[in-house]
Amino acid sequence: MSPHLARLGQLARQSGRRIIGLMSGTSLDGLDVALCYLQGHGPGTRLTLEQFCTVPYAEDTKSRIRQVFARDTVSLEYLTLLNPWLGRLHARLVLDCLRAWQVAPAAVDLIASHGQTIYHAPRHQHQHPEFDLDATLQIGDGDHLAVGTGIITLSDFRQKHVAAGGEGAPLAAYGDFLLLSSPAEERLLLNLGGIANFTYLPRTGGDATTAFSTDTGPGNTLLDATVRAHRPGLAYDEDGRLALAGQVHEGLLAALLAHPFFTAPLPKTTGPELFSTAYLAAAQQRSTTQTLGLEDLLATLAECSAGGVARAVQLAFAGRTAPVAVYASGGGAHNPALMQALARHLPGTRFARTDELGVAGDAKEAILFAVLANEAVAGTPVAIGTGRQRVPAVGMGKVSFPG
Ligand SMILES: Nc1ncnc2c1ncn2[C@@H]1O[C@H](COP(=O)(O)OP(=O)(O)O)[C@@H](O)[C@H]1O
Ligand SMILES: [Mg+2]
């Protein structure tokens, strides 16, 4: 037997595994690196976050990714080069983190790498009816991570989800269910990344069939793109200061929320391919708000993100009571303009951060991929949700050996 395969078999039999989860979302802010220790698997999973860091992407890295990110037309040569380049960059960033944490690479059992989404093309959103399928593409090849770090790497988690009938996103339901469901309360776990999504967790804690995840629309993506367009050099509206100084423009808000995505049935996924500066420009044209100032634009966009969440909550809980406990995570949880807009749209809701439940909100997405890798190696796949909301019972992630 190959020694690498034997090592993987041994890892699967161990009672615990040290796994690095890597996540780089659509915000392109950086690489989230979460060093986790996982004991057990399935409903018995216990996770300790040993270290966490977001390594900010250099401007050069962001601009290389933006050459292809969410674009209709790209240079195939550029894309071919970017794929291994990002894999190597991620390997170097992992080694830098391990050095800073004084952890030897040999003490890490696995890397779980999400990669960088460069295009998300669910059936309802892409422009090619000749392809009757959902698709999504992540780059930053896993072989380069494995060889670059010497650590067995699982990557490209989303393809199996698509192959088994999903849209490839959101995958949060699985890890959220294993780590954060509670017998004491029903929960909504709201992640505010570039795109916003939530996972519904039933109170029972044991019944996987009613849990599900869905995207709700833009989180930070339109806010960030607008700040970048008006204030070159700024990556985002820190602490929502600009948005809080503005007024919501009801006409523009209505134009933004008029897109059929917001009324489409759950679950659904989306990306900056749809919620782009072109989308905003079209809504501004329809509402004749082309000259609206930056502050008012941002106030309106925060309201639009919150409105998207509220509409998805209405769709999910039509005719029954929505959970009163919402736990936020992701960078948008640090934006008071967004959180205040959400409080207006979901009155009677108690908002907290997942940190209150023992899972650091900034690390949650990276942690969830460590959980998926743990399940793929040691677990028995279980289905989450039913019907259209079902996350199939499949192990996700492709294995790359270091040699
Ligand atoms: N202090 C803050 N004030 C306002 N927005 C913030 C703050 N910190 C982070 N953000 C927002 O969060 C984004 C990053 O969120 P993240 O969860 O990493 O998203 P993604 O998964 O898309 O990378 C930033 O681009 C920014 O919009
Ligand atoms: Mg990020």
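**Ligand 1 first.** I started with the surroundings of ligand 1 in this predicted model, and I found 20 residues around ligand 1, with Gly25, Ser27, Gly193, Asn220 and Gly331 the closest. I then sorted the shell by residue type: twelve are polar, six charged and two nonpolar.

**Next, a sheet.** I traced an open sheet of five strands and wrote down its order as β9-β8-β7-β10-β11, with mixed pairing.

**One pair in detail.** I picked β7 (residues 187-192) and β8 (residues 195-201), which run antiparallel and are joined by six bridges. Within this pair I noted Arg187 opposite Leu201 in β8.

**What lies across the sheet.** I followed helix α11 (residues 294-316) and saw that it lies across β7, β8 and β9. Against β9, helix α11 runs at about 145°.

**Whole chain.** I went through the secondary structure and got 13 helices and twelve strands. The radius of gyration is 20 Å, close to the 22 Å that the globule rule gives for 403 residues, so I put the chain down as being as compact as a globular protein of that length. Last, I took the extents of the C-alpha trace along its principal axes: about 65 × 50 × 45 Å.

How values were computed: Residues numbered from 1 in each chain as written. Chains lettered and ligands numbered in written order. Predicted model: local features only at pLDDT ≥ 70, side-chain atom pairs only at ≥ 80, totals over all residues. Near = placed C-beta within 6 Å. Nonpolar A, V, L, I, M, F, W, Y, C, P; charged D, E, K, R; others polar. Pairing = 2+ DSSP bridges. Helix = DSSP H or I, 4+ residues; strand = E, 2+ residues; numbered from the N terminus. Contact = placed C-beta atoms within 7 Å. Axes fitted to C-alpha atoms, helices over the stretch in contact; angles between N-to-C directions. Rg over C-alpha atoms; globule rule 2.2 N^0.38 Å.
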